[in-house]
Amino acid sequence: LKEALKLNSEEIKKIQEDIALKVKQSNIGAYVEQLKNEELSTSGEGIPIAIKDIINVKNWNITCCSNILQGYVSAYDATVIKNLRTAGLSPFGRANMDEFAMGSSTDTSCYGKTLNPHNPNKTAGGSSGGSAAAVAGGIAIAALGTDTGGSVRQPAAYCGVVGMKPTYGRVSRYGVTAYSSSLDQVGPITQNVEDAAILYDIISGHDPMDSTSANVDYTPVAPNLDSDKKLKIAVIDNFVDQASEPIKKGFSKAVKALEEAGHEIVHKQMLDTEKIVSTYYIVATAEASANLARFDGVRFGNRKGDGGLKDMYVQTKSQGFGDEVQKRIMLGSFVLSSGYYDAYYIKAQKVRHLIKDMYEDIFKDADLILSPVAPTTAPEFGSFKTSLEMYLSDIYTISVNLAGLPAISLPIDKDEDGMPIGLQLIGKAYDEQTMFNGALALE
Ligand code: GLN
C-alpha cells in the first residue's frame with residue numbers, strides 16, 4: 001500500500017484494470033458479483049480496495065448478502081468509505097459475506113459460498129470471508145471487513161492474511177449496517193502488518209456522525225511502527241488447552257520465537273470459554289433482533305405479500321431472511337422478552353463486565369495477549385452439523401469484542417495440509433500502537 005499510494009492516476013487505472021480482469025477469471029467467489037465495466041467507472045480513481053457488502057457505498061447495490069435487500073441502492077458513503085476516498089483509495093467490488101455478518105464460514109450468503117484460495121474444499125471463514133479470500137487469492141490489494149465477534153480476524157487466519165479489529169469506538173460505524181451495535185467494528189484485511197497499520201490509520205478517528213465513536217486523541221500508528229520494543233506478552237492457558245494439535249504447535253513456535261527475540265511471556269487464565277460463548281450469543285442476538293426490525297418491507301426490504309399489513313411483514317421477513325438470521329432474531333427477541341430479560345439479557349451484561357474486568361487484570365501485568373484465533377485451521381464445508389458447533393469455533397475471538405479491545409490476527413505457520421495457522425495479539429484499549437509493534441515482531 002505504501003508503494004501504491006505513490007502511483008499516478010494512469011498507473012492506478014492500470015492496477016484497477018488488472019484486478020478487474022483477475023476478478024473475472026477467479027472462481028473463488030470472493031465477490032458477490034463479478035466486476036462490471038460500469039462499476040469500474042463508478043468506483044473512483046483511487047487504489048482499489050474490496051469492500052464487504054455491509055458497508056454503504058453511494059450508488060452501490062449494498063445487500064448484506066441477503067435476499068431481503070435485493071434492489072437496495074445505497075444513498076450515501078459510510079464514513080470509512082469517505083476516509084478511503086480522501087486518502088486516495090477507492091471502493092472496488094463488493095466482497096461476499098455471511099448474511100448480515102452472522103456466521104463463521106460465508107456460506108449463509110444468498111449469493112453462495114466463498115472458497116478458500118488454499119483449498120477449495122475448505123471454507124474461507126466468516127463472516128468477512130469474501131474480503132479475506134480476495135486478499136489471499138491476489139484479487140484485492142487490501143479489503144475492509146467488519147468484526148462483531150471475530151469476522152475480520154477468523155477469515156484472515158483461515159486464509160493466511162492479516163486481519164485487524166480496532167478498539168470499539170476507534171472506527172466510525174456510520175453507514176455500516178448494524179448487526180450488534182455494541183460489538184461491531186470495521187477493520188482492514190491486508191497482505192502484511194504494515195498495510196494493516198496504513199489502512200487502519202486511514203479509516204479511524206472520531207466521527208460526530210456516530211454517537212459511539214470515541215472522541216480521544218489519535219496518533220497515526222504506521223509512521224511509528226517499531227518492532228524492537230521488548231514486550232511482556234500474556235498467554236491464556238485455558239484458551240490454548242482447547243485448541244487442536246496444529247494450532248497448539250503453531251502457538252508454541254510463536255512463543256519460542258518471541259522469547260528468543262527477548263520478549264517476556266507470562267501465563268494467565270480467562271473465564272471458561274463456554275460462558276463466553278453464551279454471553280456473546282445473548283448480547284449479539286438481542287441487539288440483532290432490534291437492529292434487523294427495520295427490514296420490514298416498509299422502510300427497507302424487498303417487499304412481499306399482498307394480504308394486508310401483517311401479511312406483508314410476515315412474507316417480507318420470512319422470504320427475505322435466511323434460516324440463520326431468522327434463528328438469531330427469534331433468539332434475540334426471546335432473551336429480551338419480559339420474564340426472560342433478567343434471567344438472560346441482564347445476566348449476560350453482568351458476565352460481559354466480568355470479562356472486561358478479567359482482561360483489565362491481565363493487562364496490569366502484560367502489554368499484549370497472544371491467543372489462537374480459532375480452535376482449528378479452516379474447516380471443510382459442511383463439517384458443522386449444528387449452529388452450536390459453529391458458534392463454538394468463535395471461542396477465542398468473541399471475548400475481545402465483548403471487552404471492546406483491539407486485536408490483530410496474523411499468519412504464523414501452516415499445518416501438514418498446507419492450511420494457514422493464524423494467531424492473534426490482543427492489545428489494551430486504544431493502544432493499537434503496541435499491538436502493531438508486537439505484530440511486526442511476530443511477522
Ligand atoms: N461468528 C460470529 C457470529 O456469527 C461473529 C460474526 C461477526 O464477527 N460478524 O456472530
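**Buried loops and a listed site**

Mentor: Start with Thr106. Thr106 counts as buried, because 34 C-beta neighbours sit inside 10 Å. Keep in mind that this is a predicted model.

Trainee: Where is Thr106 in the fold?
Mentor: In the loop between strand 2 and strand 3.

Trainee: What about its phi?
Mentor: Positive, about 65 degrees, although Thr106 is not a glycine. Most residues other than glycine have a negative phi.

Trainee: And Phe100, what is phi there?
Mentor: Near 50 degrees, so a positive value again in a residue other than glycine. Phe100 lies in the loop between strand 2 (89–95) and strand 3 (115–116).

Trainee: New topic. Which residues does UniProt list for "active site"?
Mentor: Lys52, Ser127 and Ser151, from an unreviewed entry. They are spread over 100 residues of sequence, yet they cluster in space, with a largest C-alpha distance of 10.8 Å.

Trainee: Where is Lys52?
Mentor: In strand 1, residues 47–52. Lys52 is buried, with 32 C-beta neighbours inside 10 Å.

Trainee: What does Lys52 touch?
Mentor: Leaving out residues up to four places away in sequence, its contacts include Ala95, Met97, Ser128 and Thr146.

Trainee: And where is Ser127?
Mentor: In the loop between strand 4 (119–123) and helix 4 (129–136). Ser127 is buried too, with 34 other C-beta atoms within 10 Å. Beyond its neighbours within four places in sequence, its contacts include Met97, Thr106 and Ser151.

Trainee: What joins Gly126 and Ser127?
Mentor: A cis peptide bond, with omega about 10 degrees. Most peptide bonds are trans.

Trainee: How many residues surround the ligand?
Mentor: 13, and the closest are Ala101, Ser104, Thr148, Gly149 and Ser151. Ser151 is also one of the residues UniProt lists for "active site".

Trainee: How does that shell divide by type?
Mentor: Four nonpolar, seven polar and two charged.

Trainee: Last one, helix 10. Which residues are buried?
Mentor: Thr316, Lys317 and Gly320.

Trainee: What span should helix 10 have?
Mentor: 16 Å for its 12 residues, at 1.5 Å a residue. The end C-alpha atoms are 16 Å apart, which agrees.

Note on methods. Residues numbered from 1 in each chain as written. Predicted model: local features only at pLDDT ≥ 70, side-chain atom pairs only at ≥ 80, totals over all residues. UniProt positions renumbered as here; feature names shortened; annotations may be inferred. Helix = DSSP H or I, 4+ residues; strand = E, 2+ residues; numbered from the N terminus. Buried ≥ 20, exposed ≤ 12 C-beta atoms within 10 Å, placed from the backbone. Contact = placed C-beta atoms within 7 Å. Expected span 1.5 Å × (residues − 1). Near = placed C-beta within 6 Å. Nonpolar A, V, L, I, M, F, W, Y, C, P; charged D, E, K, R; others polar.
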